[in-house]
Amino acid sequence: MATAGKVIKCKAAVAWEAGKPLSIEEVEVAPPQAMEVRVKILYTALCHTDVYFWEAKGQTPVFPRILGHEAGGIVESVGEGVTELAPGDHVLPVFTGECKECAHCKSEESNMCDLLRINVDRGVMIGDGKSRFSIKGQPIFHFVGTSTFSEYTVIHVGCLAKINPEAPLDKVCVLSCGISTGLGATLNVAKPVKGSTVAIFGLGAVGLAAMEGARLAGASRIIGVDLNPAKFEQAKKFGCTDFVNPKDHDKPVQEVLIEMTNGGVDRSVECTGNVNAMISAFECVHDGWGVAVLVGVPHREDQFKTHPMNFLNEKTLKGTFFGNYKPRTDLPNVVEMYMKKELEVEKFITHSVPFSEINTAFDLMLKGEGLRCIMRMED
Ligand code: NAD
Ligand code: ZN
């Protein structure tokens with residue numbers, strides 16, 4: 001490759017300050033160092049996490065920064081020690097990694113890699129503590145090790161899943177964060193058996209992906225719970241059979257669900273980030289076998305409160321990070337689920353804009369319109 005080992009000048013969307021529109025700038029992207037890979041991003045999507053760290057209300061402000069973590073691209077060049085990837089490979093960057101060597105990576109039960117677990121405050125590469133992005137000599141910080149709002153980015157090899165080159169990157173790019181999180185929460189953690197009843201709390205992209213998991217698992221009844229009635233119509237496309245709006249009832253929603261299902265749901269998956277919804281999602285499962293899975297990220301001061309008798313009555317409470325998927329080992333198989341036409345990814349993609357209109361994607365998300373907006377880098 002003519003560009004290998006050299007600095008690449010390309011376009012990137014830079015967040016200079018919290019809450020200010022991103023500005024498309026020419027950035028210099030340094031070559032990948034040991035265990036790093038430089039990736040040409042072809043498509044990137046916007047997820048709530050990008051917006052949270054751009055707003056930086058309560059989060060550590062790290063600016064100027066290149067955000068973005070849901071994307072698909074092609075390897076341009078690799079640094080020293082990288083043997084699993086080569087130029088031309090198709091990859092999905094992931095905000096959390098898999099080093100394959102730590103106790104978590106060696107455990108079949110965990111995806112919480114010690115070396116590459118998500119770190120939202122770090123704006124530099126772990127190898128040398130430096131940034132690979134600069135503008136006229138000024139370093140620009142990275143975001144969750146991915147920084148995909150750039151035509152080229154440098155990523156640790158452990159945060160890249162090598163996928164089937166036949167997979168359309170403009171579709172499967174959404175599998176690199178939210179959709180896999182919801183899907184895995186149901187398929188890997190809640191594990192409903194065929195014919196079971198599943199409640200999904202929160203019908204955003206993550207909740208609808210959890211619902212897609214329930215559909216794939218063959219759940220016969222899928223109850224969607226959301227405070228926003230506008231979310232219900234869309235959920236039908238994801239196999240939702242019943243809708244419950246907690247606002248329509250004068251008793252706790254867990255009681256409503258228990259009555260509707262003759263004792264409780266078999267599985268529930270919470271995708272709201274609201275602690276009361278988390279408590280309801282736990283208390284609405286059937287005693288003896290019910291399992292609730294928490295996915296939503298709570299507020300810092302939240303406390304989960306329930307009567308311990310619920311546990312003695314054999315209700316189980318679990319939580320998950322990235323749907324318990326190991327990024328490098330498991331994500332290629334999620335892409336294959338799409339290739340085999342089991343998993344339907346298209347219905348999550350509601351908008352598409354050229355990269356130059358990235359601020360439109362932010363506006364859509366702030367207005368709560370649509371699920372995923374794909375940004376096309378070459379347009
Ligand atoms: P979203 O904001 O699009 O959707 C959340 C939905 O929950 C909204 O439709 C909202 O109306 C609904 N809601 C809020 N409070 C509710 C309540 N009390 N009862 C019922 N419904 C309620 O968000 P999203 O992008 O789908 O993400 C969902 C959650 O998943 C967020 O908290 C996000 O931070 C989290 N998340 C977790 C992981 C993980 O690895 N655990 C990864 C990605 C995202
Ligand atoms: Zn590890």
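Visitor: How many residues line the largest cavity, and which of them lie nearest its centre?

Guide: Happy to show you! This is a predicted model, so local features need pLDDT of at least 70 and side-chain atom pairs pLDDT 80 or more, while totals for chains, interfaces and linings use all residues. Residues are numbered from 1 along each chain, chains are lettered from A and ligands numbered from 1 as written, and side-chain values use heavy atoms, without hydrogens or water.

The largest cavity has 14 lining residues, and nearest its centre are Arg-122, Ile-126, Val-144, Gly-145 and Cys-159. (A cavity is a set of points on a 1 Å grid where a 1.4 Å probe fits but cannot get out; lining residues have an atom within 4 Å of a point.) Its volume, the space filled by probe spheres set on the points, is about 160 Å³. Searching the whole structure turns up one cavity of 30 Å³ or more. The lining has eight nonpolar, four polar and two charged residues, with Gly counted as polar.

Now for the setting. Ligand 2 is a zinc ion, held by the SG atoms of Cys-99, Cys-102, Cys-105 and Cys-113 at 2.3 to 2.4 Å; donors are N, O and S atoms within 2.8 Å of the metal (3.2 Å for Na, K and Ca). Along the chain, these donors follow the spacing C-x2-C-x2-C-x7-C. The angles among the four donor atoms are 104 to 121°, making the site tetrahedral (all angles between 85 and 135 degrees).

Ligand 1 is surrounded by 23 residues, including His-48 and Asp-226 among the closest, counted when a heavy atom lies within 4 Å. By class, eleven are nonpolar, ten polar and two charged. One oxygen atom of ligand 1 lies 2.8 Å from a backbone N or O atom of Phe-322.

Methods
A polar contact is a pair of N or O atoms within 3.5 Å; within protein, one must be able to donate a hydrogen and the other to accept it, and residues adjacent in sequence count only if both atoms are side-chain atoms. On a 1 Å grid over the protein atoms alone, a cavity is a set of points where a 1.4 Å probe fits but cannot get out, and a pocket is an open set with protein on both sides within 12 Å along at least five of seven lines; lining residues have an atom within 4 Å of a point. Four donors count as tetrahedral if all angles lie between 85 and 135 degrees; four count as square planar and six as octahedral if opposite donors are over 155 degrees apart and all others between 65 and 115; anything else is irregular.
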